[in-house]
Amino acid sequence: MTGPPLLAGRGAVVSGGSRGIGRAVAELLCSLGAGVVVNGRDADAVAETVAAIRSRGGEADAVVGPAGEARVARAMVDGAISAFGALDILVNCAGIPEPPGSSILTISADDFDRLIEAHLGTAFHTCRAAAEVMARQGRGAMINTGSVAFLGDYGGTGYPAGKGAVNALTMAIAAELKGSGVRANVVCPGARTRLSTGVEYEKHIADLHRQGLLDEVTMRASLDSAPAAFVAPLYAYLASDLARDVTGRIFVAAGGFVGSFDRPTPRLLGYRDHRDAEPWSVAELHEMIGA
């Protein structure tokens, strides 16, 4: 005899849920019993996704608008509570790509601000709105979407900066809300979406390989990504009670690969007690670091 679906009775919000990875996540959460508020900027795409979910017997509502705006974030949270009676899950998949050919030498201040707002702003406003509800009820799961681009290997400026900031914000939220029963994790996904296909994307990956930033294996993997359905189960797992003890982690999922980043810790290069020693000299630091 089987029990109820894994996420039965849960209320969820998925920003960027009308396309790509976000849509795959929203559809999977619904198939596992959750009711989902689907968010996106394109009203037609949001409506089509909600209709598709409902046609398969799932529960879904729509909130249209940029998730990086506080009013939209609040509307998503309120919508989940109104439609499904609870807010148990927040998934952030909203994002925008770096302008083609962008670098620290060429990106405009406006484009940089737009990228930070689309990624960090979305995570902040949605998590801020959800945190009040989740902390009060003593449960909840937040899953933010990062990117291995935060390492800098994929070029760009605003996109990796925004994703790196999402990682840091999520770690802070996890630490702050752990005592309230609220979990927060990051998924860095690799999947075939409208942001990772097309002539411009293929040229960008080839350029990175030519510059030595991507090795041959990574380049080929980037050009042959698996569908978003391969990534969605990790989000669903992190949203479920099976992951009740998992928080403050950064995961990677790409096709059949699942991994995690170790928490950064400093490696000892040198030590002297400041109470009975002089500061390190520049020459000593060079010998320690640059040699």
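Which residues touch the most other members of the largest nonpolar core? Hold that thought while the fold is laid out.

This is a predicted model, in which local features need pLDDT of at least 70 and side-chain atom pairs count only at pLDDT 80 or more, while totals for chains, interfaces and linings use all residues. Residues are numbered from 1 along each chain as its sequence is written, and side-chain values use heavy atoms, with hydrogens and water left out.

The chain holds nine helices and eight strands. Both are DSSP runs numbered from the N terminus: helices are H or I with at least four residues, strands are E with at least two. The eight strands form an open, mixed sheet in the order 3-2-1-4-5-6-7-8. Two strands pair if DSSP finds at least two bridges between them. Strand 3 (59-64) and strand 8 (257-261) are the edges, each pairing on one side only. Neighbouring strands are turned by 20 degrees against each other on average, direction ignored. Strand 6 (residues 182-190) and strand 7 (residues 250-254) run parallel, joined by five bridges. Here Pro 189 stands opposite Ala 253.

Angles run from 0 to 180 degrees between N-to-C directions, with axes fitted to C-alpha atoms, for helices over the stretch in contact. Helix 8 (residues 232-239) lies across strand 4, strand 5 (140-145), strand 6 and strand 7, at about 175 degrees to strand 6.

Back to the core. It has 35 residues, and Val 25, Leu 29, Val 36, Val 91, Ile 143 and Tyr 235 touch the most other members. A nonpolar core is a set of buried Ala, Val, Leu, Ile, Met, Phe, Trp, Tyr and Cys residues joined through side-chain atoms within 4.5 Å. Elements giving two or more residues include helix 1, helix 2 (43-55) and helix 8. Beyond its neighbours within four places in sequence, Ile 143 is in contact (heavy atoms within 4.5 Å) with residues including Val 91, Val 187, Tyr 235 and Leu 238. A second, separate core of 24 residues includes Ala 73, Leu 90, Ala 129 and Val 133.

Finally, cysteines. Cys 127 counts as buried because its relative accessibility is 3%, under the 20% limit. Cys 188 is buried too, at 1%. The disulfide count is zero, taking a disulfide as a pair of cysteine sulfur atoms within 2.5 Å.

Methods:
Buried < 20%, exposed > 50% of the residue type's maximum accessible area, 1.4 Å probe, protein only.
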